[in-house]
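Good morning, everyone; please have the sequence and the model open while I talk.

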Amino acid sequence: MIPIPRFLKLSYSLPLPYFVPLADIRWGAVLIVAIFLGVIFDAKFADAQVETQEVGNALDFAHDIVPILRTHCVKCHGGDQAEGGFSVNSRESILASGNFSIEDNSHSRMAMLLTNANADEQMPPPPEQRLSNDELEKLLSWLKAGIPWEDGFTFAPERYEPPLFPRPIVLPPIRQGRIHPIDRLIDSYFARNEIQRPARVDERSFVRRVYYDLIGLPPTQDVIESFVSNPLPFQKKQQLLVVRLLQRDPDYADHWLTLFNDLLRNDYSGTGFITGGRKQITSWLYESLRNNKPFDEMARDLISPKSDDCRGYIDGIQWRGNVSAGQTVEIQFAQSVAQSFLGINLKCASCHDSFIDRWTLQEAYGLAAIYSQQPLMLHRCDMPTGEIARASWLFPEQGNIGNDLERDQRLVQLSELMTSHENSRFRKTIVNRIWYQLFGRGVVHPLDAMQTKPWDEDLLEYLAEYFWQQKHDLKSLLTHVATSEIYAAQSQITAPVRSAEEFIFAGPQLRRLSAEEILDSVWTITRNFPTSLDAPVIRSTASSEEINQAIVSGRWIWDDPSGKADAGTEVVFRTQYELAKAPKRAIALVACDDQFRLFVGGREVGTGSQWSKLHVFNITERLKKGKTEVIAICRNGGEEANAAGFFFESHIDLEEGHTVILATNDQWQCSKQIPGSREGYLQAAKGPWQSASIIQPLPVWEKAIGPQLQQRIAELTTGTMPPIRASLLKNTALMRSLGRPTRDQIVSMRPQELTTLEAIDLSNEATLAETFQAGGEYFVHQGLSSNELVKQIYWQVLGRGPSEQEKQIALSAWEEQPNAEQVADFLWSLCMLPEFWFVR
């Protein structure tokens with residue numbers, strides 16, 4: 001029963017002016033045949049009505065209709081199948097398809113297809129078995145009767161429904177002295193499934209594993225040898241190393257930024273940024289990770305943002321031009337919140353009731369309506385239904401949303417429902433993602449199919465409740481999991497399974513390095529790091545003394561020396577500066593009471609609306625050799641005249657040891673003639689201009705902004721920033737081929753397979769080749785003997801020394817003292833080994 005496309009939902013009796021697109025000429029033929037054979041159809045249907053009048057009265061759904069549907073229809077339109085968007089799983093799914101109408105059941109699309117005189121168009125289609133006369137009569141009678149359905153019956157497969165509310169877990173007995181709660185649960189699982197517990201991984205491999213898992217970097221030879229030679233019991237060494245790594249805040253934030261950028265579809269370039277239809281949340285996200293902000297607070301900030309710093313998540317991407325109903329910012333909001341925090345994919349349900357899980361169109365639009373600022377009409381397959389969505393929570397048994405509330409109040413209500421103790425689904429989703437990062441497969445898998453039954457329900461329940469008890473502390477969760485004995489077990493290589501039900505956990509799985517980890521490792525090995533970052537973050541670890549001694553060059557300015565302005569007053573500030581060369585790095589620090597838009601080189605860099613926050617922008621790419629103009633459009637808020645001010649300071653690194661500081665002072669100009677802008681580009685600012693006035697900063701500004709300025713400037717001037725990591729750079733062609741997504745959509749699992757493009761790029765991509773060449777030059781300049789060179793490179797790349805055979809193979813390919821090109825080739829060959837690519 002293939003339904004007619006949604007743009008051609010016509011009965012055979014409609015007039016011809018409803019034209020059929022040429023691309024769908026087959027459907028046009030069906031329509032024409034139906035129109036011109038209408039009399040024949042009417043006669044056939046009328047006869048069937050008379051003949052089945054008595055049959056209809058005695059029709060038995062279970063015995064007469066179900067066998068016919070199961071035999072002829074379910075293969076293509078039942079269970080998980082819904083060809084043409086048509087499912088016979090339930091009466092509701094049939095009605096929702098538009099192929100049957102209660103008001104005109106005798107002339108429904110279903111009846112027309114069942115009785116079509118054209119054998120090629122008649123349902124079921126060849127080569128399937130045709131309906132017998134008796135079966136046809138029963139179905140037509142059933143249609144005439146309004147498709148009566150037995151309550152509770154469905155052709156959909158029985159689905160697991162995960163519990164929403166938390167439940168207490170009683171830990172199994174201790175086995176063989178393993179007291180860690182995770183190990184007690186895993187031991188019980190192994191016993192039930194008759195699985196041999198894997199042996200512990202060797203200590204060298206463990207160090208490499210935990211380094212990559214927790215901070216995404218390779219360990220040094222000294223670190224590995226120190227761990228191996230330490231006489232303490234392994235569990236004690238394991239705990240000390242895990243804790244020490246998680247105390248490396250910048251490295252931790254750099255590494256886990258990758259996961260959360262994927263999960264929150266945050267990036268530094270791509271769709272929407274040029275037109276201003278998308279805002280990044282990087283500064284807020286990085287600081288949240290670096291300061292270990294509790295995850296429930298992060299979720300509440302994102303769902304119900306109090307500032308512009310994290311609003312980009314719920315505002316999504318404003319696509320240019322006309323978009324489908326399933327890509328509006330309201331529907332994006334529903335899809336993002338459900339996927340990021342609940343592991344629910346609402347993409348199907350955003351168009352029609354989902355055929356793969358239980359979520360409905362009404363539920364998807366109910367979640368979208370929480371964000372919407374105007375009445376939101378449901379669209380089924382892009383066609384308006386006439387129904388207005390009511391703001392609602394996906395789990396009404398937990399609570400619901402007040403439709404009479406303002407949008408911001410609804411968002412607050414949603415954030416509270418999402419993070420409440422009663423919603424264990426929220427915590428299970430994030431702990432499952434963390435387990436996947438450390439073990440290579442989730443307790444529920446795939447990660448965004450949280451309706452799937454876990455391979456161990458008690459383990460998932462325990463982890464979720466532990467996370468709650470630890471006040472949603474991500475580092476505490478990572479410590480707890482990474483100090484278990486099962487985390488230190490040997491990696492397992494398991495055959496692929498067709499379904500989650502078939503999977504049996506046997507220990508950690510091999511995990512390939514991410515694009516960012518590969519590049520970070522190659523840069524670390526070759527000592528050839530990028531010179532500038534794209535993410536608007538500052539990452540140094542300046543000391544308290546350095547922070548206290550930092551010198552602030554910028555001054556607060558406004559157009560009036562009094563520093564006061566009426567509510568709603570707008571002022572534009574500008575300065576021009578000529579650079580002798582393009583900078584290697586340029587970081588701008590901006591503060592404003594109340595709102596500002598910053599433009600550099602005519603392009604919008606960013607905005608701010610929180611007077612108490614220092615905003616950080618990376619403007620490296622906006623500054624070129626020659627003259628550059630910096631413009632800020634500022635607006636005073638409030639309801640009456642009040643204090644207003646603007647602050648700007650940029651540190652521009654032209655070369656090693658040469659930094660130019662561009663800061664607000666009385667040399668800046670200002671005007672109240674505000675230039676316009678379009679899609680992020682500023683129109684010419686014409687003035688008239690006057691000199692800006694230096695004003696006395698308010699005590700509240702100094703209290704709120706002062707410490708932030710001191711720390712940021714100290715970080716910029718002391719040069720204590722760690723090497724730049726790949727997670728802080730814009731996506732490149734090489735990164736994409738290595739698996740980094742474009743982040744136009746949420747991605748929670750990256751591909752693990754090697755692609756042809758990846759193999760080609762690894763062989764001859766220019767920037768990678770340049771990096772290995774730089775590494776060859778670095779190692780040659782160390783002045784090491786050939787033997788020592790081979791040994792050091794093996795330790796750098798693989799975290800171990802070479803075997804005698806490996807050493808002889810390397811030496812035989814070199815002259816007595818290799819040149820930089822030969823060493824570069826050797827580095828490349830080792831970095832292509834599976835031993836480098838996989839965390840074991």
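When I say that residues touch or are in contact, I mean that they have heavy atoms within 4.5 Å. With that in mind, which residues does Asn-292 touch, not counting residues up to four places away in sequence? They are Tyr-252, Asp-473, Leu-474 and Lys-475. Asn-292 has its place in the loop between α14 (282-290) and α15 (295-303), where helices (H or I, at least four residues) and strands (E, at least two) are DSSP runs, numbered from the N terminus. Asn-292 has a relative accessible area of 17%, so it counts as buried, the classes being buried under 20%, exposed over 50% and partly exposed in between, with a 1.4 Å probe and protein chains only.

A word on conventions: this is a predicted model, in which local features need pLDDT of at least 70 and side-chain atom pairs count only at pLDDT 80 or more, while totals for chains, interfaces and linings use all residues. Residues are numbered from 1 along each chain as its sequence is written, and side-chain values use heavy atoms, with hydrogens and water left out.

The pLDDT, which is the predictor's confidence in each residue from 0 to 100, has a mean of 87 for the protein, and 92% of the residues reach 70 or more. Over residues 1-56, however, the pLDDT is below 50, although this stretch has 80 contacts in the model beyond near neighbours in sequence. Where pLDDT is low, the predicted coordinates should not be read in detail.

Turning to the rings, a search of the whole structure finds 43 aromatic pairs, where rings of Phe, Tyr and Trp (its six-membered ring) pair if their centres lie within 6.5 Å, and planes under 30 degrees apart count as stacked, over 60 as edge-to-face and the rest as tilted. Trp-142 and Trp-149 form a tilted pair, 6.2 Å centre to centre with 40° between the planes, and both are buried. Trp-149 also pairs edge-to-face with Phe-155, at 6.4 Å and 85°, and Phe-155 is buried too.

Finally, the second largest pocket holds about 1,000 Å³ of space; a pocket here is an open set of points on a 1 Å grid over the protein atoms alone, with protein on both sides within 12 Å along at least five of seven lines, and lining residues have an atom within 4 Å of a point. Its volume is the space filled by probe spheres set on the points, which are joined across faces, edges and corners. Of the 44 lining residues, the closest to the centre are Tyr-436, Gly-440, Leu-510, Arg-750 and Gln-752, and α13 gives the most to the lining, with 6 residues.

Conventions:
On a 1 Å grid over the protein atoms alone, a cavity is a set of points where a 1.4 Å probe fits but cannot get out, and a pocket is an open set with protein on both sides within 12 Å along at least five of seven lines; lining residues have an atom within 4 Å of a point.
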